Amino acid sequence: MVAGLALSAAPVALAGADNAYAQAKQTTKEPTSEKSLYDRLGGAFAIAAVIDHFSDAVVKNPIVGQKSKNPQLREWHTKNLNRLPGLKFMRTLWVCNVSGGPFQFTATKPGKTPVGLEEAHRNLRISPAEFDEVAAELGRTLDFAKVPRREKAEVLTAFAAHKDEVTAGYVAAAKRG
């Protein structure tokens, strides 16, 4: 067991898109009596194991993966799988950064904040319902990894805080008609 987790731990931020980054940075600079989410999740190796499982599950998910009705998601999960190892690395790095770990995430397509996700997801046109399915897949992965209830809730809350960023491409396309 690593930090109370059977397999390992899970992705995510502390609480809110903009202040998650600030809180994570604060956590790494100011000693507190409580461990950061990063530490409670088990660190980089535990987070990477969960990201690996989660990423593979998303590819296979019938709503957001290879059989998705969303042509952009379907194409990514069938024709771009050679990029999956890099995506897993970037997801792991992002989670380590925003959860208070010692790693610095730098987006390949920077968003409005240092950990922003809107540009990385814009062309996928992810709908709010598709985002919710990915969140459900994340919840199943956290259960699989036996992440404790408190950390699971923090992870899912932080994931939800990025919904507007991830669905920005869908919203923009819907407005254009």
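The largest pocket in this predicted model is lined by 36 residues, and L87, R91, A120, H121 and L124 are the ones that lie nearest its centre. Two or more lining residues come from each of α3, α4, α5, α6 (118–121) and α7, and the largest share, 6 residues, belongs to α5. Sorted by class, the lining has 23 nonpolar, 9 polar and 4 charged residues; here Ala, Val, Leu, Ile, Met, Phe, Trp, Tyr, Cys and Pro count as nonpolar, Asp, Glu, Lys and Arg as charged, and the others, Gly among them, as polar. The space inside comes to about 1000 Å³, taken as what is filled by probe spheres set on the grid points, which are joined across faces, edges and corners.

Residues are numbered from 1 along each chain as its sequence is written, and side-chain values use heavy atoms, with hydrogens and water left out. The model being predicted, local features need pLDDT of at least 70 and side-chain atom pairs count only at pLDDT 80 or more, while totals for chains, interfaces and linings use all residues.

Stepping back to the whole protein, there are 10 helices and 0 strands, with helices (H or I, at least four residues) and strands (E, at least two) being DSSP runs numbered from the N terminus. Of the 177 residues, 47% count as buried, that is, under 20% relative accessible area with a 1.4 Å probe and protein chains only; exposed means over 50%, and partly exposed is in between. Among contacts (heavy atoms within 4.5 Å) with a separation of 6 or more, 73% are between residues 24 or more positions apart.

What about the inside? The largest nonpolar core has 35 residues, and I47 and W94 have the most contacts inside it. Such a core is a set of buried Ala, Val, Leu, Ile, Met, Phe, Trp, Tyr and Cys residues joined through side-chain atoms within 4.5 Å. Helices α2 (37–41), α3 (43–60), α4 (71–79), α5 (84–98), α7 (128–144) and α8 (149–160) each give two or more residues to this core, with α3 supplying the largest share at 7.

Helix α3 also holds S55, which counts as buried because its relative accessibility is 1%. The side chain of S55 makes a polar contact of 2.7 Å with that of R91; the term stands for a pair of N or O atoms within 3.5 Å, one able to donate a hydrogen and the other to accept it, and residues adjacent in sequence count only if both atoms are side-chain atoms. Apart from neighbours within four places in sequence, S55 is in contact with L84, K88 and R91.

Most residues other than glycine have a negative phi. R125, in the loop between α6 and α7, instead has a positive phi of about 50°, and R125 is partly exposed at 36%. K146, in the loop between α7 and α8, likewise has a positive phi, of about 60°, and counts as exposed at 56%.

Terms used: On a 1 Å grid over the protein atoms alone, a cavity is a set of points where a 1.4 Å probe fits but cannot get out, and a pocket is an open set with protein on both sides within 12 Å along at least five of seven lines; lining residues have an atom within 4 Å of a point.
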